[in-house]
Amino acid sequence: MFANRILSGMRPTGSLHLGHYHGVIKNWVELQSSHDCYFMVADWHALTTNYDDVAIIEKSIWDMVIDWLAAGVDPEKATVFIQSKVPQHAELHLALSMVTPLSWLERVPTYKDQIEKLSTKDLGTYGFLGYPLLQAADILVYKAGLVPVGEDQVPHIELTREVARRFNNLFGREPNFDELAQAAAKKIGKLGKQFMQQRTAYLQDGNAEALQAAREILAASQNLGVADRERLAGWLENKGKTILPEPEAKLTAASRMPGLDGQKMSKSYGNTITMRESPELVSKKVKAMPTDPARVRRTDAGNPEKCPVWQLHQVYSDNDTREWVKKGCTSAGIGCLECKQPVIDGVLREQQPMFERAEQYLTHPDRVKEIVFEGCRRAEKVAKETMGDVRAAMGLGF
C-alpha cells in the first residue's frame, strides 16, 4: 500500500459550481502539496446514471478539468487523468466482479437511496448496481492508502476494504508462501528478528501493540521490493500476500455551501453560482436572492437568521462585515441590496484568480489535453503494475 497516495474523482455531468469548490476542490489543492494525489475524471461513473444522455459528458470533461486547474490543482504536483482512458479500471472491475457477492452490492446504503431519488430514470442496470465495485477498482488499481470522503461515503470505502480482503484471501496464498515470507524477513537485517518476534506475540497473544510495532518495522525497511513487502504485510497477520491493500477513509470536514435559496448549493435545486460565472450574472443572481420575508418595506427590521443572504455572509464576509449586517438588518439601518453587495464582492474576489488561471487554458486548449494525456500516461503506468499482480494471482499471468 502507498500510505501517502490519494485517489479522488468527480463525475463530468455539467458545470462545476462554488459548492464543488468549497466541498471538494479546495481540499484537493491543500492535499496535493503533502500527498501523492491522483485526481480522476470519472466518466465511466457518469454513465451509470446518464447513459441515456451522453452529449453533456464530453464537453463537461474538458470544462471540469479547466475548473480544477483554475481552482489551483497543479499538474506538476498531482496526476490529473480520465478514468476511461486508463483501461485497467474496467479490467480490475471485471476481475473483482467475479468474486464479489451480489448481496454486498445490494446492501450499499446509497443504492436504494439513489433508486428512490432518481425514480424517473431506469436504473435497473448492472452498471448502477455495480458502481460501488467500479469505485473500489478505481481505488485499488492505484493501491491508494487514503480516500478523501464525507461520512456518507464511508460505507463505500468499507466495501472496498472487504473486496480487497476477500481477493487477498482467495488469491494471495502462494504455494511456498511461508518460505518466501521468511526469506523476505531476513532481508530486513537486524530488525528481521524483531519483526518475527512481534509477529509471534501478535499471533499467539493478540497483542495489538506488537502488531503495530511490526508494521512500523516493515514501513521503515528500505531494502524490500514491492512483492516482499506485500508478502510480509500478509504473513504478519497470518494471511496471504497482500495483492490489493485495504485503503483508509480520510474524512473531510462537511462543507455545506449554501445556495441562492438557502438550501445546499446543488444543480438539482437550480440555486448555484458556477465557478466561472460572469460578474454580471453573479451580481444579478445575488441581487435576486430572497431575503427575510418580514422585511416588506425598507423601514422594516429583519432577522439575519431567517435570510439566505446571511448564510453566504458566513462564507464570504469577515467579522466586521457580519457585525455591520447584523446591526443594520435588525435596526433597518441598511437595505437588502446594501446587505448583498459584500457577498457579491466576496464571490468576485474568490473567482478572480480562477478566471486568470483559466484564461491560459481557454486560449490554449491543447495545453489542457497535454496535461490530461500526461496524467493518463502516469496513471496507466501505475495501474498496469497492479493489474500484473492481479492477473498473475488469478492465473491469468501468461
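This is a predicted model: local features need pLDDT of at least 70, side-chain atom pairs count only at pLDDT 80 or more; totals for chains, interfaces and linings use all residues.
Keep α10, residues 177-186, selected and now pick F177, A181, A184 and A185, which are buried. Looking down the axis of α10, you will find that its buried residues fall within an arc of 100 degrees, so they line one face of the helix.

Select Y111 and F128, a tilted pair whose ring centres are 5.7 Å apart and whose planes make an angle of 35 degrees. Y111 belongs to helix α6 (residues 109-117) and F128 to helix α7 (residues 126-129), so the pair ties together parts that are 17 residues apart in sequence. Y111 counts as buried at 18% relative accessibility, and F128 is buried as well, with a relative accessible area of 2%. Then select W28, F39 and W68, which form one aromatic cluster.

Two further stops show a charged residue placed over a ring. Select R166 together with W104, and you will see that R166 lies over the face of W104, at 5.9 Å from the ring centre. Then select K369 with W62, where K369 lies over the ring face at 5.5 Å from the ring centre.

From there, move to H20, which is found in helix α1. Because buried means under 20% relative accessible area, H20 counts as buried at 19% relative accessibility. Leaving aside residues up to four places away in sequence, H20 touches M10, S15 and I25.

The last stop is helix α17, residues 336-362, whose 27 residues should span 39 Å at 1.5 Å a residue, and whose end C-alpha atoms, 36 Å apart, agree with that. Follow α17 along to Q351, where a kink of about 30 degrees lies shortly before the proline P353. Q351 is itself buried, and the buried residues of α17 also include C339, K340, P342, G346, E350, M354 and Y361. Finally, display α1 (18-31), α3 (55-71), α14 (279-287), α15 (308-316), α16 (319-330) and α18 (365-393), which are included in what covers the buried residues of α17.

Definitions and conventions
Residues are numbered from 1 along each chain as its sequence is written. Side-chain values use heavy atoms; hydrogens and water are left out. Helices (H or I, at least four residues) and strands (E, at least two) are DSSP runs, numbered from the N terminus. The expected span of a helix is 1.5 Å times one less than its number of residues. The bend at a residue is the angle between axes fitted to the seven residues ending there and the seven starting there. Buried means under 20% relative accessible area, exposed over 50%, partly exposed in between (1.4 Å probe, protein chains only). Contact means heavy atoms within 4.5 Å. Rings of Phe, Tyr and Trp (its six-membered ring) pair if their centres lie within 6.5 Å; planes under 30 degrees apart count as stacked, over 60 as edge-to-face and the rest as tilted. A charge sits over a ring if NZ of Lys or CZ of Arg is within 6 Å of the ring centre and within 35 degrees of the ring normal. The arc is that of the directions from the helix axis to the C-beta atoms.
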